[in-house]
Each structure stands twice: as C-alpha cells, then as structure tokens.
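Hi,

Here is the structure I said I'd pass along.

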Amino acid sequence: MSVFAPDSLVLNRKLPLWYQVSQSLRASILGRAPDAPLRLPTEEGLAEHYGVSVLTMRQALRELEGEGLISRHRRRGTFIEPGARRERTVRLLGSVDAIVAQQSGEETTLLGHGSQPVPAEYAGHFPGLDEATGFRRLRRDRESGEPVNWAENLVRPDVAARIDPGLLERGWPMTKVLRDAAGVRISRITDTLEARLADPETSRLLEVPLLSPILHYTGVTLDDRGRAVDVVRIHYRGDRFSFSVTVEAAPE
C-alpha cells in the first residue's frame, strides 16, 4: 500500500517540537492532492522524517487525532480521515509552518492578479515602490462549497516575478509559495486581527449580508533582509471562524 509523504520541516528549537511537527503535518494533510495516499508512515518513520523522538511524534499525532484529521489503528497503522470536518479556528501561532497550516485545506479560486499602485496604507511597508503585484483569491470549504474567506496579497514585484499563479489556483497558501517556490527566506510574519463590518465587495464574495461581522486579518511577511515581501488582507466570514491564542510556558 502506498504511503503519504508529508512536507519537510526546519525545526525552531525555541518552540515546542511536537507543536511544530503537528502543524507541519496538518498543513501537508490539508493541502494534499485528491489522489494522495491516506496511509501515513509509521511513528518511527515520521519521527525520522522530522528529526524528532518517537515520543514527540506520538504527541503530535495525538493532537491531529483529537482534531479528527487522522485515525490510528493498532497493527494496521495511521490513516488520514478523508471526510474529516476541518477545524475553522484562527490561531495566533509561532512558526511559519503553523501559518501554512492555518491557510491550507480549502478550494481556491484566483480572482485576478497584476500590477497595481501601492495603497497609501501600505507605503510604509514598501518604501520607494510606486507599484506592486496584487493577487486576489477566494477560498471555499471543500465539503460544502461555501465561501469562507477572500484574500488580497500585495507582493514586491521582484518576488512576484518568481510566483507561478497556477500554484495559488491549486490551493497553495501564499506563505508556502513564497518560501518553497519563490525561494524567499522568511524571517518573520506579523499578524493583526480585528473585527469589521462587511463592505459591498466582501458581502458579495462571501455571500453574507452587508455590514455583517467579519474577522479581518492583516499579515506582513519579512524576508531575511528585513524587507516586507508580502502584505495580505484576509476577510473571514464571522459565522465560520473563532479566534484563540495559545501561550506556551518557557522551559525551566
């Protein structure tokens, strides 16, 4: 039987290893191809793949099992649940792989892309640039087809030139495209979340009443030179998302 091959992961030793592994594997599962195998490697194989202990791997798998994304069967192995209900919680997380995990698992439609003037509110992120490349995407729940959020990315032109829009159409999160396809060495992502009311465009795209509550996310991605390479605004349906913060205690 074929075995599912998860993405690789560069570990950050300042964050809990089980948490990073669980989020990386979660992103791989939610972003998998429709014909990808459902059987996962053994605990030992996964531990070797991620470079962690078997105990750490077991803790990560328990997290995913609790979400209903995988099922574990004695003597048979661990399997991805193809019809599992995706959790729709927006989390404040501590790694790039966690951000990729949050953005994965939805059907994506590319609404358009191309050069556009840098809005005044973004000028501070793109000093010296009059224009950048915009990408607009609508995401839908894979099971119900219901729109859940739409995103507007503004990317530095030199970076955008290395982006294949087809990857976005295939559901790749922009963070993954920047890192794995465009070769951006991401140093930091700064997130801002606020409650807003749906404007006419958001109302139309998300199929919600005008002025209904939405969750508005702004993310600024910096490369290893300290430059903002991407600024994104994501508009989430207020009736489909919640917001939670996880704070890990530092080891004594």
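Let me start with Leu 197, which sits in strand S7 (residues 186-197); helices (H or I, at least four residues) and strands (E, at least two) are DSSP runs, numbered from the N terminus. Leu 197 is exposed, at 55% relative accessible area; exposed means over 50%, buried under 20%, and partly exposed in between, with a 1.4 Å probe and protein chains only. Together with Leu 210 and Leu 211, Leu 197 makes a nonpolar surface patch of about 320 Å². Patches here are made of residues with over 30% relative accessible area and no salt bridge, with nonpolar side chains (Val, Leu, Ile, Met, Phe, Trp, Tyr) joined within 5 Å and like charges within 9 Å. A salt bridge is a side-chain nitrogen of Lys or Arg within 4 Å of a carboxyl oxygen of Asp or Glu, and accessible areas come from the Shrake-Rupley method with a 1.4 Å probe, where for residues only the protein chains shown count as cover.

Before you go further: this is a predicted model, where local features need pLDDT of at least 70 and side-chain atom pairs count only at pLDDT 80 or more, while totals for chains, interfaces and linings use all residues. Residues are numbered from 1 along each chain as its sequence is written, and side-chain values use heavy atoms, leaving out hydrogens and water.

Next, Asp 223, in strand S8 (residues 213-223). Asp 223 counts as buried because its relative accessibility is 4%. Leaving aside neighbours within four places in sequence, Asp 223 is in contact (heavy atoms within 4.5 Å) with Val 184, Arg 185, Ile 186, Ser 187 and Val 229.

Then there's helix H2 (residues 43-50), whose buried residues are Glu 43, Leu 46, Ala 47 and Tyr 50. Viewed down the H2 axis, these fall within an arc of 100°, so they line one face of the helix; the arc is that of the directions from the helix axis to the C-beta atoms. They pack against helix H1 (17-30), helix H3 (54-67) and strand S1 (70-73). Just after H2, Gly 51 takes a positive phi of about 75°.

Finally, some backbone angles to check. Most residues other than glycine have a negative phi. Arg 75, in the loop between S1 and strand S2 (77-80), has a positive phi near 75° and is exposed at 79% relative accessible area. Glu 207, in the loop between helix H8 (200-206) and S8, also has a positive phi, about 60°, and is exposed at 52%.

Cheers
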